[in-house]
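I opened this notebook to record what I looked up in the model, entry by entry.

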Amino acid sequence: MVETSFWQNKKVFITGHTGFKGTWLSLMLTHLGAEVTGYSLDPLTKPSMYDAVDLFGVTDSVIGDIRDEKNLTAALENSGAEVVFHLAAQSLVRESYVNPVETYSTNVMGTVHLLEAVRKVHNVKAAIMVTSDKCYAANESLIPHIETDAMGGHDPYSSSKGAMELVCASYANSFFCEKGSANIATARAGNVIGGGDWSKDRLVPDILASYADKQKVSIRNPNAVRPWQFVLDPLYGYLELAEYMYGQELTGFGEGWNFGPDSSNVCAVKDIVSIFKELSDNEIDFSVNTDPQPYENPLLNLNSCKAKERLAWKPSLKIEDALAWTYNWHIAFEEKERDMRAYTLQQIEDYLNLAEST
Ligand SMILES: NC(=O)c1ccc[n+]([C@@H]2O[C@H](COP(=O)([O-])OP(=O)(O)OC[C@H]3O[C@@H](n4cnc5c(N)ncnc54)[C@H](O)[C@@H]3O)[C@@H](O)[C@H]2O)c1
């Protein structure tokens, strides 16, 4: 269970705080009493979760490139952070086919620069590097990946995440193995859903954008199966992992961790559309886009027994609830005059109560 007392006044550094997951994480941490410094480029979408909840002012925000090591190191040092969460990334599979160099330089070299900054700034005790379920060499089956499976990735995004994993393991073995050095772990979550995601070519944002425009949503791979999960489920796991890693002398928590959903949340794209149809009283409809598409892994699943057994972590929201919370967030956002920071904080509070009661 996440300990509020642990996070009270804890100095935390988050890269990618202007993104979808980074904004949720920043808000959850400030809600728990942490002092958050964020380091990222400006929000990549319009609208954005960062602007919707007016995160500026809640965190210390440094706008900078993760590949600018000097600026990054200075920001980390100034933050005084003891815990780091690394989420800054080019995070989209299809974009990685268009801009592979940018994807590798941001995801792989960006991670190298952050690890160098952690080496130089001696304050950090725990660093959680967020990769993806797509870091694994695809088995194209529903056999869930375990943490020791081979790294891989067909497309540039996925392989950049596999490469991030190798970089983190190498740095942990080479530079963070002395007594007193930072613990470095990697976290692999599934397909994350929640309010405030407007990223291009992601299913749930596509559905909600088409709905807002009263258009049919065009679906590329209706039979693709993914491990869907509410955004706070993996974020809650990252916090639990950081608590275990903090203050431990290289105890074995500094390694790879899966934070995927329960098997009932592993379902096809067309099932997600059906649930949204029901939520919207049949106002959401879709058509299948039969144009040739770049390759995307058709089947993907994660085994998260390790996090359940060793961290006592568990996902709290079933897919129907995760989609309902997401849908309701966007309905509230469309009402314009709603205070979306207050709305999001209420979802965080509800989530924390749920996680603590189950
Ligand atoms: N959303 C998902 O379903 C999902 C699933 C698994 C893993 N992930 C991983 O989680 C992390 C966060 O995902 P997200 O959905 O919030 O992504 P996002 O695209 O919403 O946010 C990306 C963030 O990275 C920042 N960024 C991008 N390039 C940068 C650069 N060169 N320098 C500094 N900052 C830069 C952006 O400004 C933004 O703050 C990513 O590492 C992503 O790969 C996401």
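**Entry 1: the mixed sheet**

I found 3 strands forming an open sheet with mixed pairing, in the order β7-β9-β11. Because β7 (191–193) and β11 (266–268) stand at the edges with a single partner strand each, one side of each is left without a neighbour in the sheet. Direction ignored, neighbouring strands of this sheet are turned by 50° against each other on average. I noted that β9 and β11 pair in the antiparallel sense over 3 bridges, and that Val225 stands opposite Ala268 in β11.

For terms, I took helices (H or I, at least four residues) and strands (E, at least two) as DSSP runs, numbered from the N terminus. Two strands pair if DSSP finds at least two bridges between them. Axes are lines fitted to C-alpha atoms, for helices over the stretch in contact, and angles run from 0 to 180 degrees between N-to-C directions.

I recorded the basis of the work as well: this is a predicted model, in which local features need pLDDT of at least 70 and side-chain atom pairs count only at pLDDT 80 or more, while totals for chains, interfaces and linings use all residues. Residues are numbered from 1 along each chain as its sequence is written, and side-chain values use heavy atoms, with hydrogens and water left out.

**Entry 2: the parallel sheet**

I next looked up the open sheet of 7 strands, whose pairing is parallel and whose order is β3-β2-β1-β4-β5-β6-β10. Its edge strands, β3 (60–63) and β10 (256–259), each pair on one side only. The twist averages 20° from one strand to the next.

Within this sheet I examined β4 (residues 83–86) and β5 (residues 126–130), which pair in the parallel sense over 4 bridges. Phe85 has Ile128 as its bridge partner in β5.

I then asked which strands helix α9 touches. Helix α9 (residues 232–245) packs on the sheet against β4, β5, β6 and β10, and its direction makes about 150° with that of β5. Helix α2 (residues 20–31) lies across β1 (11–15), β2 (35–40), β4, β5 and β6 (183–189), and runs at about 170° to β1. Contact here means heavy atoms within 4.5 Å.

**Entry 3: helix α6 against α7**

I found that the axes of α6 (residues 100–120) and α7 (residues 156–175) come within 9 Å and cross at roughly 20°. The two helices are therefore roughly parallel; angles under 35 degrees count as roughly parallel, over 145 as roughly antiparallel, 65 to 115 as roughly perpendicular and the rest as oblique. Their crossing is right-handed, that is, the near helix is turned clockwise from the far one by less than a right angle. Residues of the contact include Tyr104, Val108 and Leu115 of α6 and Met164, Val167 and Tyr171 of α7. By class I recorded 13 nonpolar, 5 polar and 3 charged residues. Ala, Val, Leu, Ile, Met, Phe, Trp, Tyr, Cys and Pro count as nonpolar, Asp, Glu, Lys and Arg as charged, and the others, Gly among them, as polar.

**Entry 4: the contacts of α12**

I looked up α12 (residues 319–334) with α13 (residues 340–357): they pack at about 160° with their axes 10 Å apart. That makes α12 roughly antiparallel to α13. The crossing of α12 and α13 is right-handed. Among the residues that meet are Trp325 and Trp329 in α12 and Tyr343 and Tyr351 in α13. This contact has 7 nonpolar, 3 polar and 1 charged residues.

Helix α8 (residues 203–212) packs with α12 at an angle of about 40°, the axes being 12 Å apart. The pair α8 and α12 is therefore oblique, and its crossing is right-handed. Leu208 and Tyr211 in α8 are among the residues that meet α12, where Tyr327 and Ile331 take part.

**Entry 5: local features**

I found a cis peptide bond joining Lys46 and Pro47, with omega about -5°. Pro47 lies in the loop between β2 and α3 (49–52). Asn9, a residue other than glycine, has a positive phi near 65° and lies in the loop between α1 (4–7) and β1.
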